[in-house]
Amino acid sequence: VSIIVELSQDVNSMELVFDACPRSDVHTDLINAFKRNGLRIALTPGVTKAILSLDSKTMDDIWKGLNKGTKWAIKKGQKNNIHIRSLDEKEDLSMAYAAWMATASRKKFSDIRPMIALEPVLRHCVDNGLGSVMASFLDDKLLAAILVAQVGETATYVYGGYMDGSENLYP
């Protein structure tokens, strides 16, 4: 517990997942130990997965399954004439990185890979169909960007961020 407490204080952000632990008392004991050390902790029951199956679903079916807040944010973005596109050029990936860095700075993340280290990973993912970098734009101004990893038919959100001042546009 003390090592996790120390690490969480150093990086200012952490997620710790115990997957398929059969004993809920173990979860509870760990949560209490973390709380005693001043960490904000949430214990959630069971395994949580955020998977949206698209098999045989229409866009109407998908829209009906979204919550009100998500629908509102999408409509707000559409009103602002925001458009989305894939990024694959070096300059575009650098703009996406700037959005990620802006978010990391706001959240006070301390362990951030420099673009020189991340670019080969992004290049490999994009060039080999293993991932996509998507961004929202207002005219030619990048507002926000996400990295999505793809394995077979499954896409997983990896990281995202938005530029300072663009939050009111719901990018």
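Author: Strand S2 (residues 131–138) and S1 are joined by 5 bridges and run antiparallel. Strands (E, at least two residues) and helices (H or I, at least four) are DSSP runs numbered from the N terminus, and two strands pair if DSSP finds at least two bridges between them. Within this pair, serine 86 stands opposite methionine 134 in S2. This is a predicted model, in which local features need pLDDT of at least 70, side-chain atom pairs count only at pLDDT 80 or more, and totals for chains, interfaces and linings use all residues. Residues are numbered from 1 along each chain as its sequence is written, and side-chain values use heavy atoms, with hydrogens and water left out.

Reader: In what order do the 4 strands of the open sheet stand?

Author: The order is S1-S2-S3-S4, with antiparallel pairing. Strand S1 (83–87) and strand S4 (154–162) each have a single partner strand, so one side of each is left without a neighbour in the sheet.

Reader: Which strands does helix H5 touch where it packs on the sheet?

Author: Contact means heavy atoms within 4.5 Å. By that criterion helix H5 (residues 90–106) touches S1, S2, strand S3 (141–151) and S4. The direction of H5 makes about 70° with that of S4; axes are lines fitted to C-alpha atoms, for helices over the stretch in contact, and angles run from 0 to 180 degrees between N-to-C directions. Helix H6 (residues 115–127) also packs on the sheet, touching S1, S2 and S3.

Reader: Which residues touch the most other members of the largest nonpolar core?

Author: In soluble globular proteins, nonpolar side chains tend to be buried together. A nonpolar core here is a set of buried Ala, Val, Leu, Ile, Met, Phe, Trp, Tyr and Cys residues joined through side-chain atoms within 4.5 Å; buried means under 20% relative accessible area, exposed over 50%, partly exposed in between (1.4 Å probe, protein chains only). The core has 16 residues, and Leu87, Trp100, Leu122 and Val133 touch the most other members. H5 gives the most to this core, with 5 residues. Beyond its neighbours within four places in sequence, tryptophan 100 contacts several residues, including Leu118, Ile146 and Tyr159.
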